[in-house]
Amino acid sequence: MKRVTTLIVAVSVFLSMFSPWLTSTAQAAPGNYLIVLDPGDGGVVGATGPTGLQEKVVNLDIALRVRDRLVGAGYRVIMTRDSDNPVSLAQRVDIANRNNASVFVSIHTNAVSNREVHGTETYFSSRGAPYGFHLANHIQSRVVINTGSQSRGVKDGAFFVLTHTTMPAALQEGEFISNPDKEALLRTDAFRDKIAQGIFEGIVNFLNEYGAATISPTNYTYRAAYNDYQRTPSSLSPGQQVSFPFAVRNLSNFTWSSSPPNQVNLSYHLYDSRGRMVTSLNGLRSPLPRNVAPGEVVDLTITIQAPTSLGTYTIAYDMVHEGVSWFSQKGAGMERRTFSVGGTASASPTPSGAVTNDTSLVGVSQVTEQQLVDLFRKRGFTAQVPKAQELAPLYITWGRKFNIRADIAWAQMAHETGFLRFGGIVPPDANNFAGIGATGAKKIPMEPISLIALPHQSWESSPTMPI
């Protein structure tokens, strides 16, 4: 028996010498897993580097390199595209969901107007399937180590392919093709290999650590009841910090763990009167002092610091299953309280102020469907009112989901389409209501509801970019 133990240890040490990136947990059986790789873009020309390198070409080439590594290691792989053909977002999601994939990884190359920006980043969505954060985190870590690129972090993004897939999903942005130096690197086989190796290692590490959970997910229900004992302050002075008791009852069907990595915490965000988030994307946290069984109540302490600007603010309470999902994204309601800073504002949200060139697209406006449609009526475009009535509720609904101001997105649509008359280079059948990349009369084979999400991609890199 001693000899066998010695042999196992020796083999483990030998393997670790050649695979230092593997996680310490037992390796998963590769054949049990199906990975869907999604090379971004395809067909139409997307982002292009300063010297003409096309993102869609780089995306596909890196994805094929990842595929070869995964297949060589025994994993099953499906590509959403393996040539330069257009594939809609809905089709990409359908490929993954219909084939019951274990994980979904979308492979992209970044681009912004500022040519000095560089680095790599990976997205997950808290609105998507459980374990997306862990998949993105593993991929980001290995891509950074393999490429030496600056890490721009793991980010929460409501991209269509992340929110509509039913398995852990991540979207990887290898480097910025808009940066001349990085474009030159992206032309080389060596650098593409480094990105591909990082994505491959990240997927394998994720499956080694979380694979069993992703194949046989527990059917959790996410519910909670909140009680602030009426202690949320109604008014604060600028910068004032205050703590107060808060209780939460577990109405879920599972015990809330207080231990990492998938502990449950109370989270809370602050919003201004325009619906703009004042806290960071991940919000503030109050950790559980112990495990909380279904039906139990746990007492916590909330600590908030008032913003320095006067006005009305809303605090939104939500539970979060760390690395898995926000409760509100699984059908549970959030608890909201309103307070004023400086005592100058009313207890209810006020409508957005005048829009200027400095106004951000990010936020939730108080505009109504009727107000959006009335813009067409007041300008005399009565023939276009039926189409406006069809689109208005979509802009409001999806604007709230993506934290995009529906009034600004609507104004952009009206401007780009000539109030839905389509008198310019954008034809009516292009589904291009925002005039995105309209040069050359681009047609986008997607339904209008998908296009409402596209502005979200533009402000992920620069959320304060004026419209």
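Tutor: Let's start with Asn 100, which sits in the loop between α3 (89-98) and β3 (103-110). Keep in mind that this is a predicted model. Asn 100 has a positive phi of about 50 degrees, although it is not a glycine. Its relative accessibility is 62%, and the cut-off for exposed is over 50%, so Asn 100 counts as exposed.

Asp 41 is not a glycine, yet its phi is positive, at about 65 degrees. With a relative accessible area of 25%, Asp 41 is partly exposed.

Ser 102 and Gly 211 are 109 residues apart in sequence, but their C-alpha atoms are 8.0 Å apart in space. Gly 211 belongs to helix α7 (residues 189-215). Gly 211 has a relative accessible area of 1%, and since buried means under 20%, Gly 211 is buried. What is Gly 211 in contact with, leaving aside its neighbours within four places in sequence? The answer is Tyr 33 and Phe 206.

Helix α8 covers residues 369-378 and helix α10 covers residues 406-417; they pack at an angle of about 30 degrees, with their axes 11 Å apart. Angles under 35 degrees count as roughly parallel, and α8 and α10 are therefore roughly parallel to each other. The crossing of α8 past α10 is right-handed.

Who does the touching? On the α8 side you'll find Leu 372, Leu 375 and Phe 376, and on the α10 side Ala 406, Asp 407, Trp 410 and Met 413. Sort the residues of that contact by type and you get six nonpolar, one charged and no polar.

Stay with α8 for a moment. Its buried residues are Leu 372, Val 373 and Phe 376. Look down the axis of α8 and those buried residues fall within an arc of 90 degrees, so they line one face of the helix.

Finally, look just past the end of α8. There Gly 380 takes a positive phi of about 85 degrees.

Definitions and conventions. Residues are numbered from 1 along each chain as its sequence is written. This is a predicted model: local features need pLDDT of at least 70, side-chain atom pairs count only at pLDDT 80 or more; totals for chains, interfaces and linings use all residues. Side-chain values use heavy atoms; hydrogens and water are left out. Axes are lines fitted to C-alpha atoms, for helices over the stretch in contact, and angles run from 0 to 180 degrees between N-to-C directions. Helices (H or I, at least four residues) and strands (E, at least two) are DSSP runs, numbered from the N terminus. Angles under 35 degrees count as roughly parallel, over 145 as roughly antiparallel, 65 to 115 as roughly perpendicular and the rest as oblique. A crossing is left-handed if the near helix is turned anticlockwise from the far one by less than a right angle, and right-handed if clockwise. Contact means heavy atoms within 4.5 Å. Ala, Val, Leu, Ile, Met, Phe, Trp, Tyr, Cys and Pro count as nonpolar, Asp, Glu, Lys and Arg as charged, and the others, Gly among them, as polar. Buried means under 20% relative accessible area, exposed over 50%, partly exposed in between (1.4 Å probe, protein chains only). The arc is that of the directions from the helix axis to the C-beta atoms.
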